[in-house]
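The report below takes the shell first, then the metal.

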Amino acid sequence: MRRPIDSAHVDGGRRYSRVAIAFHWTIALLVIVNLGIGLLHEQLEGIQLIPVHKSIGITVLFLSIARLAWRLTHPAPALPADVPGWQRAVSGITHMALYALMILMPLTGWWFASAAVKKYPLDWFGLFPIPYLPVTRGGDLTHSAHEVLGWTMLALVALHVAAALKHHFIDRDTVLLRIMPAGSGR
Ligand code: HEM
């Protein structure tokens with residue numbers, strides 16, 4: 001049944017906090033750019049994007065640890081009452097998997113870059129050096145994991161975006177609005 005979007009609900013204490021919204025959109029942008037650079041780096045040969053990819057990835061790692069700490073101490077607002085149980089379950093599993101990947105993707109990248117016999121310089125956007133992890137083994141495994149998890153993350157991000165758009169345009173509920181910066185789309 002189509003019903004109007006209830007913006008009062010969004011304002012009625014059911015929005016994410018500003019900090020959670022800032023974490024969400026900053027990390028979303030960085031992850032999407034990094035998935036793009038990672039998956040297209042062979043086609044984009046000639047443009048030196050891997051150093052940028054590494055700097056973005058390390059940024060995602062530290063932002064995601066901070067975000068996870070924030071999330072564990074600040075519960076998400078309750079979903080609208082009419083969201084069915086199976087959707088709550090899929091969304092909970094997807095969100096947990098995305099948190100895990102936001103940490104595992106950078107860690108596996110950092111690991112195989114550190115374990116490589118021929119090491120490339122590692123720095124944060126050319127501003128200061130990033131130390132290599134103290135590892136010498138596991139380079140092949142973490143490299144393969146980085147690839148497989150990259151495709152997994154792409155699929156989960158697509159599912160996550162599709163679900164958000166379904167809530168907004170088909171269910172016409174407040175699920176997308178409550179993670180939008182205040183003032184947008186309302
Ligand atoms: C948000 C974090 C990250 C995401 C989403 C990400 C994603 C990806 C993806 C999808 C690929 C392509 C894999 C394939 O060949 O199919 C890739 C490649 C690569 N990533 Fe990352 N990555 C992240 C962080 C990092 C970090 C922190 C480093 C190192 C410090 C790193 C180093 C690399 C390198 C060197 C490649 C090229 C591998 C090759 O040439 O085979 N990545 N990344």
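Predicted model: local features only at pLDDT ≥ 70, side-chain atom pairs only at ≥ 80, totals over all residues.

Residues are numbered from 1 along each chain as its sequence is written, and side-chain values use heavy atoms, with hydrogens and water left out.

**Shell.** The ligand is surrounded by 21 residues (a heavy atom within 4 Å). G38, H41, H53, H143 and H146 are the closest. At least two shell residues come from each of α2 (18-40), α3 (50-73), α4 (85-115) and α5 (139-171). Helix α3 gives the largest share, 6 residues. Helices are DSSP runs (H or I, at least four residues), numbered from the N terminus.

**Polar contacts.** These are pairs of N or O atoms within 3.5 Å.

| Side chain (N or O atom) | Ligand atom | Distance |
|---|---|---|
| H53 | nitrogen | 2.8 Å |
| H143 | oxygen | 2.8 Å |
| H146 | nitrogen | 2.8 Å |

**Iron site.** The protein donors of the ligand's iron atom are H53 (NE2) and H146 (NE2), 2.0 Å from it. Donors are N, O and S atoms within 2.8 Å of the metal (3.2 Å for Na, K and Ca). H53 in helix α3 and H146 in helix α5 are 93 residues apart, so the pair links distant parts of the chain. The iron site has 6 donor atoms, angles of 86 to 179 degrees, and is octahedral (six donors, opposite ones over 155 degrees apart, all others between 65 and 115).

**Burial.** H53 is buried at 14% relative accessible area, and H146 is buried at 16%. Buried means under 20% (1.4 Å probe, protein chains only).

Methods. Polar contact = N/O pair within 3.5 Å; in protein donor to acceptor, adjacent residues only side chain to side chain. Tetrahedral: all angles 85-135°; square planar, octahedral: opposite > 155°, others 65-115°. Buried < 20%, exposed > 50% of the residue type's maximum accessible area, 1.4 Å probe, protein only.
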